[in-house]
Amino acid sequence: MSMIMAVNAGSSSLKFQLLRMPEEELAAKGQIERIGLDGAEMELEWGEEEIQEQLDISDHEEAVKKMLDSLTDNQIINSLDDIEGVGHRVVHGGEKFADSVKITDDVVEAIEEVSELAPLHNPANLTGIRAFRDMLPNVPDVAVFDTAFHQTMPKSRYMYSVPYEYYEQYGIRKYGFHGTSHKYVGERAADLLDQPQEDLKLVSCHIGNGVSVTAIDGGFSVDTSMGFTPLAGTAMGTRSGNIDPALIPYMMDKTGQSAGDIITMLNKKSGLLGVSGASSDLRDVEQKRNAGDEKARTALDIYTTRIHKYIGTYAASMNGLDAVIFTAGVGENSSTVRKEVIEGLEFMGIHLDESKNDTRGEETFVNKDGSPVKVLIIPTNEEVMIARDTMRLGFD
Ligand SMILES: Nc1ncnc2c1ncn2[C@@H]1O[C@H](COP(=O)(O)OP(=O)(O)O)[C@@H](O)[C@H]1O
Ligand SMILES: CC(=O)OP(=O)(O)O
Ligand SMILES: [Mg+2]
């Protein structure tokens, strides 16, 4: 039996699970949310115990230290030596990584090289990798890439309609993200529907701080809303999603900002935060809207409409749909977002049951009985996928 730490550094959170493998027995799990915002919060659960703490945490490095201290302080492990392998979520693997990989200095360098393509994520992922490599130098570590599951997309979905040499010379193509999460919920959906994955057409909506929608046909990702970087697709907590590319030079001309400044604005100051002018956190924006705030209403309408349209698009491109899956922070927890996304898809045979939908955070069907297309909430578990790959690749 091996004690494996699975680390998932998101753009605004650090989540981890300590798992006994290969049994997949949870020894502890926790998360630090709202990193860099006012009132970061740590939750830690082990056995029957649970603690919650309000903290001041400004970046991911601080979050990693705090997390490890909390494991020894609470005697969940005796010392850091009890951890036998560490798996890390890495958001962008570029063209180089089509599967998970054991981490070496060369791998760290390769992840660094593609960091500019995922500026909100790879730097946070690398911070986690470096912190663990420093503290546990003799333990194998494995990187699990968000991009890997999407490597099965057909060329017509991953190519941009630009001169072909841009693909050949610069690797300019759609990569897609959240692949570990989409893969996990796709497998769980097949179990819950009691049908083999080969027979299923699914649309998976990962709605967290980052948002992506994926078409899973027969168990394979065939299209996904994010692109060359996690900036593309739907509107998100702080990201714009798709915009007319001609806007970039236009905004540069009008405001005197550089291309880099504009991309930073699109990554960090747009989406729910930019339109509402209030917050990137869905809960805050919902609260404002409910209090009558017009900008918050518009921000949420853009957010849910985009996801709604992807469901229609992907059903059309797969020529059918068996189930829609909601997962990640918002998808698992916000009944109003789920309701607003599904509203108006009844013509496609998707019927949400409002009373069943009034729930959060557990695997459940929320469609009406007899709805031809099922609607599922499936809490994602990127961590267990990461631990499995750490076992597969870390110990050879
Ligand atoms: N109980 C809840 N109700 C509504 N939204 C929630 C709830 N809990 C978390 N969220 C939302 O989930 C989002 C963060 O999702 P998460 O998947 O944790 O993000 P990350 O991309 O950083 O991993 C935030 O917008 C937060 O408001
Ligand atoms: C790829 C991505 O957007 O990740 P997250 O949702 O964790 O920000
Ligand atoms: Mg996430």
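Here is a short chat about reading ring pairs and strand pairs in this predicted model.

User: Before we start, what should I know about the numbering and the model?

Analyst: Residues count from 1 along each chain as its sequence is written, and chains are lettered from A and ligands numbered from 1 in the order in which they are written. The model is predicted, so local features need pLDDT of at least 70, side-chain atom pairs count only at pLDDT 80 or more, and totals for chains, interfaces and linings use all residues, while side-chain values use heavy atoms, with hydrogens and water left out.

User: How do I read an aromatic pair, and how many does the whole structure have?

Analyst: You describe a pair of aromatic rings by the distance of the centres and the angle of the planes. Rings of Phe, Tyr and Trp (its six-membered ring) pair if their centres lie within 6.5 Å; planes under 30 degrees apart are stacked, over 60 edge-to-face, and the rest tilted. A search of the whole structure turns up six aromatic pairs. Take Tyr-166 and Tyr-170: their centres are 6.0 Å apart and their planes sit at 50 degrees, so this pair is tilted.

User: Where do Tyr-166 and Tyr-170 lie?

Analyst: Both are in helix 5 (residues 164-170), four residues apart, about one turn of the helix. Helices here are DSSP runs of H or I with at least four residues, strands are runs of E with at least two, and both are numbered from the N terminus. Tyr-166 is partly exposed at 38% relative accessible area, while Tyr-170 is exposed at 55%. The cut-offs are under 20% for buried, over 50% for exposed and partly exposed in between (1.4 Å probe, protein chains only).

User: Which parts of the chain does the pair of Tyr-175 and Phe-228 link?

Analyst: Start with the geometry: the centres of Tyr-175 and Phe-228 are 5.9 Å apart with planes at 35 degrees, so that pair is tilted too. It links distant parts of the chain, 53 residues apart: Tyr-175 is in the loop between helix 5 and helix 6 (179-193), and Phe-228 in the loop between strand 11 (220-224) and helix 7 (247-255). Tyr-175 is buried, at 3%, and Phe-228 is partly exposed, at 23%.

User: What about strands: which way do strand 3 and strand 4 run?

Analyst: Two strands pair if DSSP finds at least two bridges between them. Strand 3 (residues 25-33) and strand 4 run antiparallel, joined by five bridges, and Lys-29 stands opposite Glu-45 in strand 4. Strand 4 also pairs with strand 5 (residues 49-55), in the antiparallel sense, over seven bridges.
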